Amino acid sequence: MTRRHKYVLVVLFVYRLLWGFFLYRFIDSLVTTVLSRYPDPHPNNGAVRLFLIEAQFRLLKTNLIDEVLWMLAGMLLIRMLLTPLLNAGIYYSFQHANESDGTRVMTGIRSAWKPVTLLYWIENLLALLPAAWLIPMAKTQYLSNPSEGAWLREILPYAGAWALWAFLLHLLFLFMQFSAVSQDRLLSGLGRACRQAFPLLAVSVALFALGTAASLAITASSLLWTGFLTVALHQAFQLVRALLTLWTAASQHQLWKPDHAA
């Protein structure tokens with residue numbers, strides 16, 4: 001299924017590459033502005049401390065951080081509008097992969113974007129609900145703990161539970177999106193996710209572990225090489241990430257198919 005959608009793989013790669021490029025340029029412009037006054041070489045022992053105080057003042061006491069947050073929020077909103085459209089097209093193309101007229105991504109976007117987008121936004125809303133309790137609790141614990149290490153050890157189980165909740169929620173809504181694209185009942189997709197829970201978790205975790213290992217290898221290479229070569233390598237890695245994303249979705253769709261679930 002992944003090989004059949006090789007042109008979709010190219011589109012996903014370009015999509016991720018553009019996001020990575022604009023995000024890199026945005027962060028680079030921010031970091032360069034802050035680091036332009038870094039004292040190198042150090043004129044005295046207090047120069048670095050003075051630089052940190054000045055950087056903290058610029059980030060917290062000026063409107064620089066507000067512009068950054070608004071820009072990041074805008075980019076996140078655009079991505080959350082585009083992602084379900086791509087998902088609708090890909091899932092619809094999976095559903096009609098046995099037909100002889102190639103991939104049908106654009107047809108899927110036109111015919112299935114509404115239910116997929118609705119389910120995508122509901123999923124993200126439910127995934128973010130624990131933040132209303134977790135973030136204030138984490139802030140309170142941070143102010144009361146004597147060290148950052150103790151705070152991290154205390155907050156880590158809650159963060160892990162939150163990540164597990166978001167992961168399981170994603171799998172359930174993914175099967176419902178498959179059903180919505182095929183014009184099947186949403187509860188049918190939910191039932192298939194429960195019946196196929198073990199292989200679904202096994203496939204998802206295995207491919208996630210493969211992607212994590214590849215990401216760690218690329219990150220480790222940054223410790224050996226710096227500069228443009230590292231940036232180019234990280235951007236080229238978007239092709240591997242796109243391949244793993246498409247492969248994972250195709251495998252999960254294979255588990256969703258009614259003939260397989262039966």
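Predicted model: local features only at pLDDT ≥ 70, side-chain atom pairs only at ≥ 80, totals over all residues.

**Entry 1: the overall picture.** I looked up the secondary structure and got ten helices and zero strands. Read from the N terminus, the order is therefore plain to write down under that helix rule: α-α-α-α-α-α-α-α-α-α. The C-alpha trace spans about 70 × 40 × 35 Å along its principal axes. Of the 262 residues, 34% count as buried. I then checked the contacts between residues at least 6 apart in sequence, and 71% of them join residues at least 24 apart.

**Entry 2: aromatic pairs.** How many aromatic pairs are there? I counted six, taking ring centres within 6.5 Å as a pair. I started with Tyr15 and Trp19, whose ring centres are 6.4 Å apart with the planes at 85°, so I logged the pair as edge-to-face. Both residues sit in helix H1 (residues 6–35), four residues apart, which is about one turn of the helix. Are they buried or exposed? Tyr15 is buried, and Trp19 is buried too.

Next I took Phe21 and Phe22. Their ring centres are 5.6 Å apart and their planes stand at 70°, so this pair is edge-to-face as well. Phe21 has a relative accessible area of 42%, which makes it partly exposed. Phe22 comes to 51% relative accessibility and counts as exposed, because the cut-off for exposed is over 50%. I also found one aromatic cluster, formed by Tyr91, Phe175, Phe178 and Trp256.

**Entry 3: H1 against H9.** I stayed with H1 and looked at helix H9 (residues 228–256). Their axes come within 8 Å and cross at roughly 140°, so the two helices are oblique to each other. The crossing is right-handed.

**Entry 4: H6 against H7.** How do helix H6 (residues 148–181) and helix H7 (residues 186–195) pack? I read an angle of about 135°, with the axes 7 Å apart. That makes H6 oblique to H7, and the crossing is right-handed. Leu172, Phe175, Met176, Ser179 and Ala180 in H6 meet Leu186, Ser188, Gly189, Leu190, Arg192 and Ala193 in H7. I sorted these by class as seven nonpolar, three polar and one charged. Phe175 was already in my notes, as one of the residues of the aromatic cluster.

**Entry 5: a loop residue.** Last, I checked Ala97, which lies in the loop between helix H3 (64–95) and helix H4 (105–128). Its relative accessible area is 8%, so I put it down as buried. Which residues does Ala97 touch, leaving out those up to four places away in sequence? I found Met1, Arg4 and His5. Ala97 and Arg4 are 93 residues apart in sequence, yet their C-alpha atoms are 8.0 Å apart in space.

How values were computed. Residues numbered from 1 in each chain as written. Heavy atoms only, no water. Axes fitted to C-alpha atoms, helices over the stretch in contact; angles between N-to-C directions. Parallel < 35°, antiparallel > 145°, perpendicular 65-115°, else oblique. Left-handed = near helix turned anticlockwise from the far one by under 90°. Contact = heavy atoms within 4.5 Å. Nonpolar A, V, L, I, M, F, W, Y, C, P; charged D, E, K, R; others polar. Phe/Tyr/Trp six-rings, centres within 6.5 Å; stacked < 30°, edge-to-face > 60°. Buried < 20%, exposed > 50% of the residue type's maximum accessible area, 1.4 Å probe, protein only.
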